[in-house]
Amino acid sequence: MEDIYLRQLAVGPMQNFAYLIGAVHGAECAVIDPGWDATALSAAARQDGRRISAAVLTHGHFDHVGGLQDLLGQAAIPVYAHEGDAADLVAALPDLHRLRDAERVLWGGLEVLVLHTPGHTPGSICLLADGNLLTGDTLFLDCCGRTDLPGSDPVAMHRSLRRLAVLPKDTKVWPGHNYGDRPTAALSEVLKMNPFLAASTSEEFLRLQG
Ligand SMILES: [Zn+2]
């Protein structure tokens, strides 16, 4: 039986996914990437008998962060992001908790491993919990995050994807946008449908990036 509570929620007009995660038996959860609609996220948590007790940002882009101030207006919860994206966030979030690679954090009673996966932004992270990988804008099911934006780095993205590609094949991938033909897939499937991830172990990747 799975030990994780994980709920995927489609939010806003840019095909974003936000997530609620926590221990399977618990009254709390963390919201991952509260873009857009704080009311919908809180309502979903309440529906599942949970209270949102933390917010975690996979990176600092507005479509993953936009609902945060509304959420903080409802309850004063701690907010976490990687230190690499903190500079852009800290003006609005002076109490931001800065995460580091390989840190293990307890959110909603669930132990989560933080993987620093720069490339899309300097402080992009993926979150690994109980065989589930929340990938933000680092890895989508059939592509990877853009690396042509300010702060992006295609070489860092190459390294980050190579790191994800060697996780256990039955790891479930939960992306930050609904760009695929399904909302989630096992890493073994993603390796087949995603040329960027498949090529991450070779120099082919940099050619694909353009
Ligand atoms: Zn982004």
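Modeller: Ala102 sits in the loop between β6 (97–99) and β7 (104–107). Strands here are DSSP runs of E with at least two residues, helices are runs of H or I with at least four, and both are numbered from the N terminus. Residue numbers start from 1 along each chain as its sequence is written. The model is predicted, so local features need pLDDT of at least 70 and side-chain atom pairs count only at pLDDT 80 or more, while totals for chains, interfaces and linings use all residues.

Ala102 is not a glycine, yet its phi is positive, about 70 degrees. Ala102 counts as exposed because it has 9 C-beta neighbours inside 10 Å. The cut-offs, with C-beta atoms placed from the backbone, are 20 or more other C-beta atoms within 10 Å for buried, 12 or fewer for exposed, and partly exposed in between.

Asp33 also has a positive phi without being glycine, near 60 degrees. Asp33 belongs to the loop between β3 (28–32) and α1 (38–47). Asp33 is buried, because 29 other C-beta atoms lie within 10 Å.

Two strands pair if DSSP finds at least two bridges between them. Within the sheet, β8 (residues 110–116) and β9 (residues 125–129) run antiparallel and are joined by four bridges. Leu113 has Leu128 in β9 as its bridge partner.

The largest nonpolar core has 56 residues, and those with the most contacts inside it include Ala30, Ile32, Val56 and Leu127. Such a core is a set of buried Ala, Val, Leu, Ile, Met, Phe, Trp, Tyr and Cys residues joined through C-beta atoms within 7 Å. Beyond its neighbours within four places in sequence, Val56 contacts Ala30, Ile32, Tyr80, Trp107 and Leu127. Contact means that the C-beta atoms of two residues, placed from the backbone, lie within 7 Å.

One further loop residue is Arg146, between β10 (132–136) and α5 (154–165). Arg146 counts as partly exposed because it has 15 C-beta neighbours inside 10 Å. Not counting residues up to four places away in sequence, Arg146 touches His120 and Ser152. Its C-alpha atom is 8.3 Å from that of Gly119, 27 residues apart along the chain.
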